[in-house]
Amino acid sequence: MHPGGAAPPSGHAGATGYAAPIDPRDVRGSIRRSVTEVVERRSLAGAADAPYVAALAEWGRAVIEQRGGPLERSVRSIMSRLPLILFAIDEQGRFTLSFGGALDRLGLRDDEVVGLPVTLFGPDAEHHLRRALRGEPSLFEARGRVGTEPWVLEVTVVPVPGQGIVAIAVDVTGRRQAEEVAAERARQADEALADLRGSEERFRLLATNVPVGIFQVDADGRFTYANPALAQILGRGIDEIVGREWLSFVHPDDLGRANQLIEAGPEPGQPVVFEHRALRADGTYRWVRSRAGVMFDGEGNPVGAVGSAVDVTEALAAAEQLREREERTRAILESAAEGIITMDGDGVVVEFNAAAERIFGYDSSEAIGMPGTELVAEDRRVGLRRQYEERLRDGPTAQGVREETLARRKDGSLVPVEVTVAPVPTSRGTLYTAVVHDISERRAFEQQLEHQATHDALTGLPNRALLMAELEAALSRANRRRSSVGVLFVQIDRLKLVTDTLGHRAGDQLVVETARRLEEVVGDAGIVTRFGSDQFVVLCDDLDDVAEAVEYATKILDVVDQPYRVGHEEAFLTATIGIAFAVLGLSTAETMLSNADVAMFRAKERGTQRYEVFDADMRSWIDARRKLEIALRHGLERGEFELYYQPIVSIGGRRVVGLEALARWNHPLLGLLPPSEFISVAEESGLIVPLGEVLLEQACQRLAGWQRTRPELFVSVNLSGRQLARAELVGEVRAALDRAGAPPDRLHLEITETVLLRDVEAAVRRLGSLRDTGVGLCLDDFGTGYSSLTYLTRFPIDTIKVDRSFVSQLGAATRDSTVVTMIVGMAHTLQLDVIAEGVETEAHLRALEDLDCPMAQGYLFAKPMPAAAVEDLL
Ligand code: C2E
Ligand code: CA
Ligand code: CA
């Protein structure tokens with residue numbers, strides 16, 4: 001119903017009023033407009049135009065590609081709340097996946113259609129889907145019915161190369177229904193009004209029957225005619241309407257607008273359209289959309305109006321509902337972590353979501369209207385659009401173009417982003433959607449990972465991998481500058497010993513402290529890297545000659561030698577360093593490192609706390625060692641090792657009381673080799689373990705044989721550190737004795753002091769269990785190591801062997817004879833046996849006799865000899 005202004009009714013004008021401007025399409029249009037407005041602005045409901053469809057398709061593709069992953073779960077959960085369905089269809093045209101809130105509408109449950117063919121969508125749909133399978137994205141509407149309930153889906157299909165297609169269906173049932181109802185009513189009104197022109201009677205007939213309210217008002221705005229449909233809309237009888245002012249049916253909240261309309265007055269020739277809430281007799285109201293043609297008298301004064309009124313309550317509610325859903329969808333998309341930017345065909349931004357605002361620092365109001373290229377770092381702008389266009393043209397369209405680039409924020413700063421640009425064909429031409437993902441965190445994470453991969457976790461120093469890269473770089477720099485590079489291979493000695501005694505935390509502290517000290521020495525002149533648990537490699541760049549590298553080595557030896565504080569304890573470390581100096585144009589990182597390693601090895605061989613500079617001879621030395629190791633292995637297989645025995649004599653009785661077993665190698669080419677030629681290589685290669693076993697077995701067999709004639713005779717066998725470190729040793733000793741049938745107390749095991757001091761606690765334990773087997777334990781080379789008398793009381797030993805270097809001084813009045821005096825005296829006190837080794841002269845013997853030393857061994861009595869010779873001697 002509509003204001004007719006203040007003019008009285010007029011029959012003539014009335015006819016014009018009926019005939020003219022009631023355009024039924026407009027009724028439909030108005031409803032549609034209220035929807036399409038939402039469609040265009042809110043986007044999602046107008047699936048075809050929605051840039052989000054690209055984003056959704058993107059999700060769909062990601063879900064297919066990461067089937068069963070966490071992404072699928074979260075997309076499913078989001079989709080279940082939206083009036084959408086996501087379908088995936090394989091290349092054979094069968095559904096592989098379906099989910100989303102709109103499945104209900106089809107009376108289906110998630111994934112219920114999986115395995116079924118696409119014909120489920122009808123023949124048209126099949127056609128579209130087949131087209132999509134050929135790589136063309138497509139949009140169509142699918143309609144159907146579940147029982148009596150119709151449904152309408154707007155389906156966008158997007159090909160996923162190699163995987164089939166993704167279809168996004170938007171439930172537009174409500175929208176379509178609202179549109180159709182409105183269209184139907186409008187059509188009916190149209191017909192009715194067309195007929196009215198002919199006959200008043202037919203008018204009345206029709207007016208009484210059309211479902212559209214038809215009315216006439218006079219110049220005062222009072223109803224002069226109302227048809228049954230209007231009476232129904234207003235919930236009153238026709239007689240309750242006619243004669244009353246139309247304004248009295250207007251909801252109080254809409255009166256303001258109604259009065260404005262009246263004030264403005266009608267415009268000749270133009271229909272007046274008004275939408276308002278109409279009050280019903282029962283106090284409820286309906287939304288009514290009315291449209292009226294105003295009638296004028298001869299002077300142009302309005303005399304009344306005729307018009308139609310349609311109840312649009314349902315349609316508006318449907319539209320409202322739709323709008324709400326869209327808003328929810330929108331909210332979800334707005335809360336998406338990805339920036340979503342839509343650009344028109346000219347590359348101008350037309351849409352900019354909240355995430356994009358966050359990423360770029362622009363408000364959407366600022367960003368809209370800007371050329372999209374301005375969002376990219378300056379140096380990447382040139383030719384950007386052309387590049388994209390080309391790539392989009394060449395590549396599979398729906399997949400879009402993805403790349404990592406630098407985005408430029410409003411404040412000018414740059415952020416790394418991943419951008420996927422995809423074209424979105426719409427009725428307004430092709431739009432481009434850019435999905436922008438801020439990857440600065442990922443970058444930071446990648447950088448962190450890279451740091452972890454190239455640095456040592458404990459010290460933060462560069463690791464081996466980074467060292468190699470740095471060394472290569474330093475070498476090529478040096479070649480250009482005609483300077484050189486030095487590599488210092490720093491082995492920290494005794495670190496394991498300290499770790500074993502003070503614990504791993506302490507060990508770690510020492511490593512960190514050592515790293516710090518090395519860095520202090522090297523400063524900016526080079527790089528300190530951690531190479532192994534107790535190894536550092538120092539790279540010194542831009543050196544003029546090897547003396548500079550040596551200078552660093554000396555300083556390093558010095559700083560490592562300074563005491564370390566660990567809690568309340570003090571610890572002492574030493575270093576051994578190998579130096580390699582680059583030969584311009586020849587050295588590679590690989591060879592330099594291995595040369596430095598060889599030099600370190602050589603330095604170690606010559607004692608601790610020293611450095612060696614690599615030279616070519618070392619290479620041949622190390623090669624020789626390697627060959628020796630191979631020969632040793634073969635020799636062991638062929639049984640080329642044999643024990644010689646050297647008598648141990650009681651000084652008082654001048655008779656043989658024991659025999660020290662000493663290894664010899666019957667080398668097929670080199671003849672008989674002494675231990676100095678092979679024991680150290682055997683130790684380093686670990687071959688000492690099997691070799692030691694073979695020798696122990698031999699010694700026990702001999703011991704058992706000699707027992708028959710000389711039951712008091714003992715045999716002494718030398719053990720290396722490697723052997724002692726193995727827990728199996730105790731069992732092996734016992735087994736060897738058992739097999740030979742030799743008495744345990746007649747077997748003595750000789751261990752050097754330095755071996756025991758490497759790990760005191762472990763040594764005390766191991767010696768304890770050896771001792772439990774009944775064998776005798778002898779501390780060899782006593783006096784050469786740390787001579788720590790304190791330890792002496794802790795080790796369960798029964799004999800000490802005074803080293804040859806002290807014995808050889810006996811007779812001469814030197815300090816060393818005092819050492820022997822002290823050792824022998826102390827051994828007496830601790831009730832230990834003493835053997836003096838290396839007794840070569842009568843003078844030695846007499847001196848030992850004076851000191852009350854009980855036993856002696858040396859060339860004066862006999863050299864080591866084969867077992868057969870021992871038998872003659874006994
Ligand atoms: P060691 O245990 O101190 O053995 C004593 C060494 O002194 C032996 O050298 C012996 O031949 C030598 N010697 C004995 N009396 C005299 C003397 O009056 N004057 C001089 N100048 N030397 C004398 P050898 O046999 O060459 O053994 C050298 C080292 O090799 C041994 O020193 C021992 O540490 C090691 N060794 C020998 N056999 C074995 C073995 O079976 N296992 C292990 N692990 N090490 C062994
Ligand atoms: Ca020995
Ligand atoms: Ca010795």
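Contact here means heavy atoms within 4.5 Å. The model is predicted: local features need pLDDT of at least 70, side-chain atom pairs count only at pLDDT 80 or more, and totals for chains, interfaces and linings use all residues. Side-chain values use heavy atoms, with hydrogens and water left out.

**View 1. Helix α20 meets helix α21.** Helices (H or I, at least four residues) and strands (E, at least two) are DSSP runs, numbered from the N terminus. Helix α20 spans residues 589-605 and helix α21 spans residues 616-637; their axes come within 10 Å and cross at roughly 75°. That makes α20 roughly perpendicular to α21 (65 to 115 degrees). Axes are lines fitted to C-alpha atoms, for helices over the stretch in contact, with angles from 0 to 180 degrees between N-to-C directions. From α20, the contact includes Thr591, Val598, Phe601 and Glu605. From α21 come Met618, Arg619, Trp621, Ile622 and Arg625. The contact residues divide into six nonpolar, three polar and four charged. Nonpolar covers Ala, Val, Leu, Ile, Met, Phe, Trp, Tyr, Cys and Pro; charged covers Asp, Glu, Lys and Arg; the others, Gly among them, are polar.

View 2. A salt bridge is a side-chain nitrogen of Lys or Arg within 4 Å of a carboxyl oxygen of Asp or Glu. By this rule the count is 37. Aspartate 254 pairs with arginine 257, the closest N and O atoms being 3.5 Å apart. Both lie in helix α10 (residues 252-264), three residues apart, about one turn of the helix. Aspartate 254 is buried, at 2% relative accessibility. Arginine 257 is partly exposed, at 36%. Buried means under 20% relative accessible area, exposed over 50%, and partly exposed in between (1.4 Å probe, protein chains only).

**View 3. Further salt bridges.** Arginine 610 and glutamate 612 meet at 2.7 Å, N to O. Arginine 610 is partly exposed, at 30%, whereas glutamate 612 is buried, at 10%. Arginine 280 and aspartate 282 pair at 4.0 Å. Aspartate 282 is exposed, at 53%. Glu513, Arg516, Arg517 and Glu520 are linked in a network of salt bridges.

**View 4. The calcium ion (ligand 2).** Glu660 (OE), Asn718 (OD1), Glu750 (OE) and Asp780 (OD) coordinate the ion at 2.1 to 2.4 Å. Donors are N, O and S atoms within 2.8 Å of the metal (3.2 Å for Na, K and Ca); water is not among the atoms, so sites may look incomplete. The calcium ion (ligand 3) is 4.1 Å from ligand 2, and aspartate 780 coordinates both. Aspartate 780 is buried, at 6% relative accessibility. Asparagine 718 is partly exposed, at 27%.

Key: Residues numbered from 1 in each chain as written. Chains lettered and ligands numbered in written order. Parallel < 35°, antiparallel > 145°, perpendicular 65-115°, else oblique.
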